[in-house]
Amino acid sequence: MEQYNVTGMSCAACSARVEKAVSAVPGVKSCAVSLLTNSMGVEGNASETDIIRAVENAGYGASKKGKSAKTAVSDDDILKDTETPKLKKRLIRSVAVLLVLMYFSMGHMMWGFPAPAVFDNYVFLGVFEMLLAIVIMMINAKFFTNGFKSLFSGHPNMDTLVALGSSASFGYSLAELFIMIIALGNGEHELVMKYGMNLYFESAAMIPTLITVGKMLESMSKGRTTDALKGLMKLAPKTAVLYRDGEEHEVGIEEVRLGDIFAVKPGESIPVDGVVVFGSSSVDESALTGESIPVDKEEGASVSAATINRSGYIRCRATRVGEDTTLSQIIKTVSDAAATKAPIARIADKVSGIFVPAVMTISILTLVGWLIAGKEFSFAIARAISVLVISCPCALGLATPVAIMVGSGVGAKNGILYKTAASLEAVGRADIVTLDKTGTITEGKPDVTDIIPFGITDNELLRYAAALEAKSEHPLAKAIMGRAEDINVPEVSDFKALVGNGLSAVLDGEALVGGSYKYISQKYEISSDYTAKVTGLSEEGKTPLLFAKGDKFIGMIAVADTIKSDSAAAIEELKGMGINVFMLTGDNERTALAIGRQAHVDNVIAGVLPDGKSKKVSELKSKGKVIMVGDGINDAPALTTADTGIAIGAGADVAIDAADIVVMKNRLTDVSAAIRLSRATIRNIHENLFWAFIYNAVCIPLAIGLFGIEMKPAYGAAAMAMSSFCVCMNALRLNLVKIHDASRDKKLKKKKFKTEEKEMTKTLKIEGMMCGHCEARVKKTLEAIEGIESAAPDHNTNTAVITLSKDVDIDVIKAAIEAQDYKFLGVE
């Protein structure tokens, strides 16, 4: 998506006009204009020149946003509020003149405020009011130049309504002033007094002044909606200390290149992304991830720009600079989200496109209608002007983007990045969350969970097991070695890997053997108590490894991919939101169900290979809106297939293409937080749209005078001034949302789903499977056979449950299994 700055827009009608003009350019696939950030996102292959020309032909200005490294991370002017100071100066000058005008037009005439005797002359007072009104209208000339320019080009906007309302008041008053002058010359003093009381010069001046008040309040509140993004930009360091030839040199951040070595002292910000090459420290990453606890960094660890070095002196090698740093990618993601439109905004956009012409039509009908009804022209024109100035398209145009910007900013501060406004909306409407097991629910690597010795101590069993596993490359061996890193591990001799069974070696002149229960139980005597423990561990989804030394069984160690500490709580939160949670895993059904029980997942789909996940997600999409949560790499097809893809644990890699939402921390509770924030944002948008529609639906009839209320144009202008301000202030309430607080989650009734539909199943007996890798090998072999839809092998029971779509010859199955060096024993 290419982004452009757009100038000259004042309301939703303007943004709709720009969007329509650019969308008509050949080669433009999509265009989204943000009134909030005065920006435009364009997708397609249209040239920059054609796009800018289309905007200029529509009556506005455009320029492409800078792409340099310096601009990407350190240009604070990108979102600098330059409009509020201008509006403030304009307002001060307008109010100063308006107070004088109001003193004489109302204070002196209505309430008897003291004034020179000359002001008792209605004609002199009228001329004086006219001159002051002209001054105020000139101060606020932007409304009139933009408004009439848009009107004459055939695309009226909010400025057009203000200009017409104020000009109509001024024109009507000017005509009455001429009548007063003629009447005075004819000596008709009663007629002079009558018309003198019906002048609207103060309304002509008050309308642009009050609208300026509203514009300033709106600009201030809009500025606050981008505080999160501006805060991220301010985090970017301006300088870096490069380490060259043993010396340190301070340079501008734009001079840092890939591969440069930079130094960071305690208390300093890390300038660019890199890898620690010298020293160790703890780094505060809260600015990027929301995690308050500093993270320890040693040689080889990654560091990110804008994080703070809290303790030791470190030197790092630059791996990402300029717009490629994590911080720049976060800024780009939040900015892109603000430049896109949520589907919920389409109704407001359609209404905004016809709003101003409709209001102008209603105003003319109001004037004509009251004249036909027999009312005086002064009454009818006042009602028509009130209709013009009370109507507010801005509230409609701002209702969605201000909430999206604040919601995106809150997410970014907590390490949750929504790539588009559509994803921020969609995730809150999901019915189903599908979780990949490995690395999402679990830690993603095997770990020792139980050490159960027999006749020796825990440390002795771990020492013997580590001695045997030290020469193995098996993932389960690495888990044991990780637990034994503080133990002095002896060297073994005559090491052998017994394919399909286990390992053997010689230690202290005695055989040291390790392997599965089936293998060890054939060679050594194991008590019934320990056999029961093996069964219990297997049912918990753990892999028990048994060991023997000499002629005795010495114990067992259970290894498993353990679930994360927050997984069960996160899944309970999702269920409490009324979401159905599914777990996808390639594990056999027994192991999968065990993990599901621990994590509180009700719906478990086992035996799914990585390339089959997207198919399962597609099936679930027929039952409701689906979120897929994975690591963003192995799960890319499934993330893309789902209605919303969430990449969890992205860390520095926030630009994962397959994901719609990126969660930087490897924490599952952030998924429920992302949904909670989305729902809060959707509620806020609904509130804003309700206010915008109801405001216009109620105020326009009031301005017409349908309920017997004679609204002065100035009151209408004041109401219009407050409408957009209220929308912006309501959006700012999203900053108060506690995204990790589940106490206020709305409990919704969940749909019941069947996790799997089987046409026909058979259970095969297979000998020789030793671990999860053996299961994966058998699974892949079986599922390659035509007619077998899925297979769920289990090395603990030496079985494989297959689902068939048609009859398959047993000889074909046998041949395939034995070709992989496993023994086929038949069908149960």
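**Strands, a helix pair and one serine**

Strand S22 (residues 580-584) and S23 run parallel and are joined by three bridges. Leu 584 has Ile 605 as its bridge partner in S23. The model is predicted, so local features need pLDDT of at least 70 and side-chain atom pairs count only at pLDDT 80 or more, while totals for chains, interfaces and linings use all residues. Residues are numbered from 1 along each chain as its sequence is written, and side-chain values use heavy atoms, leaving out hydrogens and water.

Strands (E, at least two residues) and helices (H or I, at least four) are DSSP runs, numbered from the N terminus. Two strands pair if DSSP finds at least two bridges between them. Seven strands make up an open sheet with mixed pairing, in the order S14-S26-S25-S24-S15-S22-S23. Its edge strands, S14 (416-418) and S23 (603-605), each pair on one side only.

Next come two helices. The axes of H1 (residues 12-23) and H2 (residues 48-57) come within 9 Å and cross at roughly 140°. Axes are lines fitted to C-alpha atoms, for helices over the stretch in contact, and angles run from 0 to 180 degrees between N-to-C directions. Arg 17, Val 18, Ala 21 and Val 22 of H1 meet Ile 51, Ala 54, Val 55 and Asn 57 of H2, where contact means heavy atoms within 4.5 Å.

Ser 423 lies in helix H16 (residues 421-426). Ser 423 counts as buried because its relative accessibility is 4%; buried means under 20% relative accessible area, exposed over 50%, and partly exposed in between (1.4 Å probe, protein chains only).
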